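Here are some notes to read alongside the model, meant for someone opening it for the first time. Please keep the 3D view at hand as you go through the points.

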Amino acid sequence: MSPVSSGWYLTGLSRSGSAHPKLHTFQLLAADLDELGDSGVSYALRQLTAAGGVFKVRPRLHVGLAMDQVVGGVLTISAVSDPSEWEADVQVEAARALGLEPPEVSFDWQVDPLSDGVVIQLHWVACRQDAVHVFKQCVRRSGGQLASVEPVQQAAQRAASCLMGGIDAVITRPIQDWQFDLAMLNDRAPPQAASVHDLMQDQAFQDAMQTPLWPCLVSAGLALKAWS
């Protein structure tokens with residue numbers, strides 16, 4: 001699910017009848033994440049489950065987090081430091097950036113493969129833990145499972161990298177004709193802060209961000225995470 005101004009955009013992928021996954025579901029849930037009644041996201045998801053289709057079984061949902069709720073950076077540490085301490089180091093750095101106590105943050109990190117052996121660079125992203133708690137509660141009420149939460153630009157970068165025809169296909173091809181190359185997904189490392197930054201400078205990517213199809217690109221990237 002990808003956040004939009006009027007609710008949440010839901011996308012599912014299917015490879016039925018095609019060598020490459022295509023968009024199977026693309027639907028706007030004009031609903032409130034926190035609402036418990038019939039105007040809430042959890043209610044809308046339960047209705048989709050009752051209707052069958054791609055929601056015949058308990059859905060596993062990947063959710064995008066708006067960039068204004070995310071902080072990130074690169075933590076440089078000595079290569080002789082104990083790897084068992086890296087996670088705690090990242091947590092402290094993330095908490096400092098958010099102005100919170102370490103237990104109040106949710107975070108993820110990875111080692112830059114280009115680290116030179118003298119120092120290690122850890123790319124990290126983080127958000128308030130209570131933001132993830134809201135997602136968990138909503139998805140649990142819907143009868144589904146929260147599989148992951150990640151920044152929307154990171155999800156869009158995954159989709160753009162796997163989209164056959166490249167990022168230009170977002171504008172030049174109808175949404176129902178989008179196809180994704182899983183070989184690109186499986187052969188590449190998880191997106192890093194640096195690669196997301198580079199893609200953000202690409203004019204075609206910036207143009208795609210301004211189109212109504214941007215939420216679909218993000219949610220497609222979230223769905224692709226389930227295929228990796």
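**Notes on the fold and a few residues**

1. Let us begin with the sheet formed by β1, β2 and β3. These three strands make an open, antiparallel sheet in the order β1-β2-β3. At its edges stand β1 (2-4) and β3 (22-29), each pairing on one side only. From one strand to the next the twist averages 25 degrees. Strands are said to pair if DSSP finds at least two bridges between them.

2. A word on the source. This is a predicted model, in which local features need pLDDT of at least 70 and side-chain atom pairs count only at pLDDT 80 or more, while totals for chains, interfaces and linings use all residues. Residues are numbered from 1 along each chain as its sequence is written, and side-chain values use heavy atoms, with hydrogens and water left out.

3. Back to the sheet. Seven bridges join β2 to β3, and the two run antiparallel. W8 faces L29 of β3 across the pairing. Helix α9 (residues 214-225) packs on this sheet and touches β1, β2 and β3, its direction making about 50 degrees with that of β2. Contact means heavy atoms within 4.5 Å. Axes are lines fitted to C-alpha atoms, for helices over the stretch in contact, and angles run from 0 to 180 degrees between N-to-C directions.

4. There is also a sheet with the order β5-β7-β6, again open, with three strands and antiparallel pairing. Its edges are β5 (71-78) and β6 (105-111), each with a single partner strand, so one side of each has no neighbour in the sheet. Neighbouring strands are turned by 25 degrees against each other on average, direction ignored. β5 and β7 (residues 119-128) run antiparallel and are joined by eight bridges, and I77 stands opposite I120 in β7.

5. Which helices pack on this sheet? Helix α2 (residues 86-98) touches β5, β6 and β7, and its direction makes about 130 degrees with that of β6. Helix α3 (residues 129-142) touches β6 and β7, at about 60 degrees to the direction of β7.

6. How many aromatic pairs does a search of the whole structure find? The answer is two. Rings of Phe, Tyr and Trp (its six-membered ring) pair if their centres lie within 6.5 Å; planes under 30 degrees apart count as stacked, over 60 as edge-to-face and the rest as tilted. W8 and F135 form an edge-to-face pair, 5.7 Å centre to centre with 90 degrees between the planes. Because W8 lies in strand β2 (residues 7-14) and F135 in helix α3, the pair ties together parts that are 127 residues apart in sequence. Both W8 and F135 are buried; buried means under 20% relative accessible area, exposed over 50%, and partly exposed in between (1.4 Å probe, protein chains only).

7. The rings of W86 and W109 have centres 6.5 Å apart and planes at 80 degrees, so this pair is edge-to-face. It links W86 in helix α2 with W109 in strand β6, 23 residues apart. W86 is buried, at 11% relative accessible area, whereas W109 is partly exposed at 25%.

8. Leaving out residues up to four places away in sequence, E150 touches several others, including V63, L65 and L222.

9. G144 sits in the loop between α3 and β8 and is buried, with a relative accessible area of 4%. Beyond its neighbours within four places in sequence, G144 is in contact with R58, P59 and V139.

Notes: Helices (H or I, at least four residues) and strands (E, at least two) are DSSP runs, numbered from the N terminus.
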